[in-house]
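Biologist: I'd like to learn how to read a model like this one. Can we go through it together?

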Amino acid sequence: MQLTQIGRTGRDSFAEMRQLQTEMNRLFDNAGVFPAVQVYPPVNLWIGDSSVVVTAELPGLSAEDVDLTIREDVLTMRGERRQAEEAEHAGWHRRERPYGTFSRTIGLPFRVDPDQVQAKFENGVLEVEMQRPEADRPRKIAINGK
Amino acid sequence: MAQEMTTTAKREVTPAERGEVTRSTVVYRPDTDIYETEDHVVLIADMPGVAPADVDVNLERRVLTIRGHVHRQAHDGYRRVHAEYGEGDYERVFTLSEEIDRDRIEASHKNGVLTLKMPKAESAKTRKITVKAA
C-alpha cells in the first residue's frame, strides 16, 4: 500500500488517478468484446447480365425451414433457428450460435420474374438464382451511321 | 419464445493462433455451442458450406481439433457486388477435460452443422447421495 503525504485534505489524488486509469483500461478492454452487430442471415449478392444470385449462410436449416417470397425487386427470407430440446435444461459452457426467428428483406438491383427462380439449399448455404423478365432485359440498339 | 436474431461477424483465425499452412485460404473460427447434460457433453459447431465428407475431427490426447473444408462456389459470369460473409475453411481447437470418455465420442454432420456428443466417463457422472433421516 502506498502512502502519500499530500497535506491534510485526506484525499489521495494519485489513488484517484490510478483508479481513473484502471477504469479507462476496462472501457477499452470491453470495446473488443462487443464487435459490430450485423443482420441475420449474412448474404452475398452476385449480379450477372440478366440474372442475380443471392447466397445466404443458414447452417442447421434446410429447404423446409426457410420461407422465400419475391415481389418485383424485393426478396424476403424468413425462418427460425431452433435449439435442441435437451439443451434447454442443460448447463451451458459456451453459447455463440444465434437462435430465434429471423426475417430479412433484400432489395435487388432490378425487377425479377417470380416464375423463373431457382433456389437450392446445400450444407447450410442457401442459393437463390433469379432471372430478369424477358421484357426487361437490356437490348442492344443499333446506331445508324451516315 | 421467439426473439429477433442478430449475429456478429465471423471471426477469423489469425495466423498467430495456428501454425503455417500450405493452402492459402482464409480460415474462420466456427461459432460453437457447448452444453452439458447429466451424462453427455454436447458440442455444436456452425460450418456452413462444408459437406460431411470434408469435416475432420481429430482427438489427440486431450486436444480436440475440428476442421472443415469449403469448396469455393464458382459463380461464372457473375460479379460479386455485395459481400457480408467470406468463404473459407473452418478450424477450432478445444481442450477436453478428463471427464470425457474419449472412446465413445459420436460425431454427426448435417446441413453444415457438426454435432459432437461426448459421453462422460463413469467416474465423472454426478451421483445422487440419499440422506437418511437418523
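Biologist: How many residues of chain A count as buried, as a percentage?

Modeller: A residue is buried if 20 or more other C-beta atoms, placed from the backbone, lie within 10 Å of its own. Of chain A's 146 residues, 18% fall in that group. Keep in mind that this is a predicted model: local features need pLDDT of at least 70, side-chain atom pairs count only at pLDDT 80 or more, and totals for chains, interfaces and linings use all residues. Residues are numbered from 1 along each chain as its sequence is written, with chains lettered from A and ligands numbered from 1 in the order in which they are written.

Biologist: How many residues of chain A are in contact with chain B?

Modeller: Contact means C-beta atoms, placed from the backbone, within 7 Å. Here 37 residues of chain A meet 35 of chain B. On chain A's side, strands E1 (37-39), E2 (43-47), E3 (51-57), E6 (91-95) and E7 (100-107) each supply at least two residues.

Biologist: And which strand of chain B does E2(A) pair with?

Modeller: Strands pair if DSSP finds at least two bridges between them. E2(A) pairs with strand E8 (residues 79-83) of chain B, antiparallel, over four bridges. In E8(B), B:Arg79 stands opposite A:Ile47.

Biologist: What ipTM does the complex get?

Modeller: The predictor gives an ipTM of 0.76, along with a pTM of 0.73.

Notes: Contact = placed C-beta atoms within 7 Å. Buried ≥ 20, exposed ≤ 12 C-beta atoms within 10 Å, placed from the backbone.
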